[in-house]
Amino acid sequence: MEQTSMFESEAPQPLAARLRPQTLEEFTGQEHLIGEGRILRRLIERDQISSMIFWGPPGVGKTTLARIIAHRTKAVFIDFSAVTSGIKEIRQVMQKADDNRRYGEKTIVFVDEIHRFNKAQQDAFLPFVEKGSIILIGATTENPSFEVNGALLSRCKVFVLHALTTEDLVGLLRRALADERGFGGQRVTIADELLEALAVFANGDARTALSTLEMVVLNGDMDEQGGVTVTSETLEQCISRRSLLYDKQGEEHYNLISALHKSMRNSDPDAAVYWLARMLEAGEDPLYVARRVMRFASEDVGLADPRALENAVAAYQACHFIGMPECTVHLTQAVVYMALAPKSNALYVAYETAKKDAVRQLAEPVPLVIRNAVTNLMADLDYGKGYQYAHDSAEKLTNMQCLPDSLLGREYYRPTEQGLEARYKARLEEIKDWKKQHE
């Protein structure tokens, strides 16, 4: 049983606690789950919650959603901490829930940081979830596929919560400055670019954003009327990252990603790693960088080294699984790989060239021979007539026409001699020679 101090009610709550949303309307982000008409919103509004797990990075609203459910539900709501509870406490709570069920009451048990429970502790929930004594809501920052008992996981719907966008966080910070629960009763002056920088620093975490805002306001310059002005120097001191102060949507942001991309393209691993570090240490989202590296893998390396894309995707997954700062080494590996890989932009050129034809000639009909005759009428109209199945031939090739008549003979993919693409070039030439001989 928790003991409370006589002074506890006088202690001010942190800003993040004061601004914790009480309703879905106050909640920031996760539109894919709680936007109008979305599944989780409907379940909450109808009080039809089933066992579920909220999976997402810190500070995105997992616990807050559970609190909103607690306010909306007619069920008994039990808040359970995986950090402080053992099997004995679990069984006591489960027995109480079983008793409630006999009296026609349902019980929702919220388990924060459910990944901290070992297998035996998780197993203690299973029979009560199975027979409907409880509705389990778990919250975790770890992949539930690895951290949650398979039998328990199979009985829960997993909802993935995403890191908040910079725009989400800026909106949240503005609300904190205007809301009476925040700094609404105080005149606080802070430039838009500093709010943007603070949001970038928070890296998708609402709790970090609000805690940092509280720190910079408390350390801001106060005038004689009690107003507070937050300067860039104050922000730099509070977050200890001078390089952070660039507009994530502005010129410097695009200059840095351009520098990284062009350094890799120029096969300069040292410059590429430097620009990577500049971005990450400024608070850039590592997943944004990883997405750009994935683009590079096909745009600038392509079939000269098909494994470049595999490396880029693996780096993205590593960033998603473990986040900053641990994922810096995975991004470094991917960036150096791209810089040292043979280069070819043949795939990029192929698509851009084909795109121009596609846009100019959107109405070109698909040749009858490669249409799919899924109805008798289509067959009567000669859909698929004369189709040649490549696997039926020894060479696995046919001379069937696949381009529209107006584009016959067009070439989009022109492979280079770089790296492994030389093999694909030789293969393509063999195919074209065969087709000429069998026209």
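The structure is a predicted model, in which local features need pLDDT of at least 70 and side-chain atom pairs count only at pLDDT 80 or more, while totals for chains, interfaces and linings use all residues. Residues are numbered from 1 along each chain as its sequence is written, and side-chain values use heavy atoms, with hydrogens and water left out.

**Confidence**

- The protein chain has an average pLDDT of 85, and 93% of the residues score at least 70; pLDDT is the predictor's confidence in each residue, from 0 to 100.
- Residues 1-9 stay under 50 in pLDDT, and the model gives them zero contacts beyond four places in sequence; contact means heavy atoms within 4.5 Å.
- Where pLDDT is low, the predicted coordinates should not be read in detail.

- Helices (H or I, at least four residues) and strands (E, at least two) are DSSP runs numbered from the N terminus, and two strands pair if DSSP finds at least two bridges between them.
- Strand 3 (residues 107-112) runs parallel to strand 4 (residues 134-140), and six bridges join them. Phenylalanine 110 has isoleucine 137 in strand 4 as its bridge partner.

- Buried means under 20% relative accessible area, exposed means over 50%, and partly exposed lies in between (1.4 Å probe, protein chains only).
- Strand 1 pairs with strand 4 in the parallel sense over four bridges, and phenylalanine 54 has alanine 139 in strand 4 as its bridge partner.
- Strand 1 also pairs with strand 5 in the parallel sense, over four bridges; here phenylalanine 54 stands opposite phenylalanine 159.
- Helix 4 (residues 62-72) has Lys62, Thr63, Thr64, Leu65, Ala66, Ile68 and Ile69 buried. The elements that cover these residues include helix 2 (31-34), helix 3 (39-45), strand 1, strand 2, strand 3 and strand 4.

- Strand 7 and strand 8 (residues 228-230) run antiparallel and are joined by two bridges. Methionine 222 has valine 228 in strand 8 as its bridge partner.

**Rings and charges**

- The count comes to three aromatic pairs. Rings of Phe, Tyr and Trp (its six-membered ring) pair if their centres lie within 6.5 Å; planes under 30 degrees apart count as stacked, over 60 as edge-to-face and the rest as tilted.
- Phenylalanine 117 and phenylalanine 125 form a tilted pair, because their ring centres are 5.8 Å apart and their planes at 40°. Phenylalanine 117 is buried at 3% relative accessibility, and phenylalanine 125 is buried at 0%.
- Tyrosine 274 and tryptophan 275 have ring centres 4.8 Å apart and planes at 70°, so this pair is edge-to-face. Tyrosine 274 is partly exposed at 43%, and tryptophan 275 is partly exposed at 24%.
- The charged end of lysine 157 sits over the ring of phenylalanine 159, 5.7 Å from its centre. A charge sits over a ring if NZ of Lys or CZ of Arg is within 6 Å of the ring centre and within 35 degrees of the ring normal.
- Arginine 371 lies over the face of tyrosine 383, 4.9 Å from the ring centre.

**Helix 20**

- Isoleucine 431 is in helix 20 (residues 421-437) and counts as buried at 19% relative accessibility.
- Isoleucine 431 and glutamate 395 are 36 residues apart in sequence, and their C-alpha atoms are 9.5 Å apart in space.
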